[in-house]
Amino acid sequence: MTQNIGDFAVDWVSGAIYVGTGESNSSRSSYPGIGILKSHDNGKTWENIGLRDSHHISRIIINPDDNQHIVVAAIGHLYSNNLQRGVFNSYDGGKTWSQSLYILSLIHISEPTRPERIEDAGLCVKKKKEGG
């Protein structure tokens, strides 16, 4: 099976590789993905760890102070408002996910090394929880 990749991140401490699927540059011919994939063995095997319906993952950040904290920016379904668009956090290495920002338009994480700094490029942002 072939998958489009929107972004990837490597945790050099644990050796975990995270891959966000789906094209991150949206166009009429963009292909959706199947969520976030994770490998514990240098890419030999992969497991889907969630966000399957997000369609397009544009950024993955591993918190440099806590490698279990993963931040994901998802474009979601193209050409429609949907709950799969926004910023998602996992505090357990991808076992569970919570949405911290719901965004009606596209987003941009401005400082990839600082997941707490998120810049909105759209007009309507609903912050679900403080500090998230």
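## Close-up views of a predicted all-strand model

View 1. The pocket is lined by 15 residues, of which A9, V10, D11, I61 and I62 lie nearest its centre, a lining residue being one with an atom within 4 Å of a point. Two or more lining residues come from each of the elements β1 and β5 (57-62). By residue class, the lining holds ten nonpolar, two polar and three charged residues; here Ala, Val, Leu, Ile, Met, Phe, Trp, Tyr, Cys and Pro count as nonpolar, Asp, Glu, Lys and Arg as charged, and the others, Gly among them, as polar.

Residues are numbered from 1 along each chain as its sequence is written. As the model is predicted, local features need pLDDT of at least 70 and side-chain atom pairs count only at pLDDT 80 or more, whereas totals for chains, interfaces and linings use all residues, and side-chain values use heavy atoms, with hydrogens and water left out.

**View 2. The whole chain, for orientation.** The protein contains zero helices and eleven strands, with helices (H or I, at least four residues) and strands (E, at least two) taken as DSSP runs and numbered from the N terminus. Along the sequence this gives the pattern β-β-β-β-β-β-β-β-β-β-β. Of the 132 residues, 42% count as buried, a word that stands for under 20% relative accessible area, while exposed stands for over 50% and partly exposed for values in between (1.4 Å probe, protein chains only). Among contacts between residues at least 6 apart in sequence, 34% join residues at least 24 apart, a contact being heavy atoms within 4.5 Å.

**View 3. The open sheet of four strands.** This open sheet has the strand order β1-β2-β3-β4, with antiparallel pairing, and two strands are said to pair if DSSP finds at least two bridges between them. At its edges are β1 (5-10) and β4 (47-50), each of which pairs on one side only. Neighbouring strands of the sheet are turned by 30° against each other on average, direction ignored, with axes fitted as lines to C-alpha atoms and angles running from 0 to 180 degrees between N-to-C directions. Five bridges link β1 with β2 (residues 17-21) in the antiparallel sense, and D7 has G20 in β2 as its bridge partner.

View 4. Strand β5 is mostly covered, with five of its six residues buried, and five bridges join β5 to the antiparallel strand β6 (residues 70-74). In this pairing, I61 has V71 of β6 as its bridge partner. On to the next strand, β6 and β7 also pair in the antiparallel sense over five bridges, and here the bridge partner of V71 is N89 in β7. Strand β7 (residues 86-90) is mostly covered, five of its five residues being buried.

View 5. I34 lies in the loop between β2 and β3 and counts as partly exposed because its relative accessibility is 30%. Although I34 and T21 are 13 residues apart along the chain, their C-alpha atoms are separated by 5.9 Å. Leaving aside neighbours within four places in sequence, I34 is in contact with Q3, T21, N48 and R52. G43 is found in the loop between β3 (36-39) and β4, and its 25% relative accessibility is why G43 counts as partly exposed. G43 and Y18 are 25 residues apart in sequence, and 9.6 Å apart in space, C-alpha to C-alpha.

View 6. Most residues other than glycine have a negative phi. L51, which lies in the loop between β4 and β5, has a positive phi of about 55° although it is not a glycine. With a relative accessible area of 15%, L51 is buried. H55 has its place in the loop between β4 and β5, and its phi is near 65°, a positive value in a residue other than glycine. H55 is partly exposed, with a relative accessible area of 22%.

Key: 1 Å grid on protein atoms, 1.4 Å probe; cavity = no way out; pocket = protein on both sides within 12 Å on 5 of 7 lines; lining within 4 Å.
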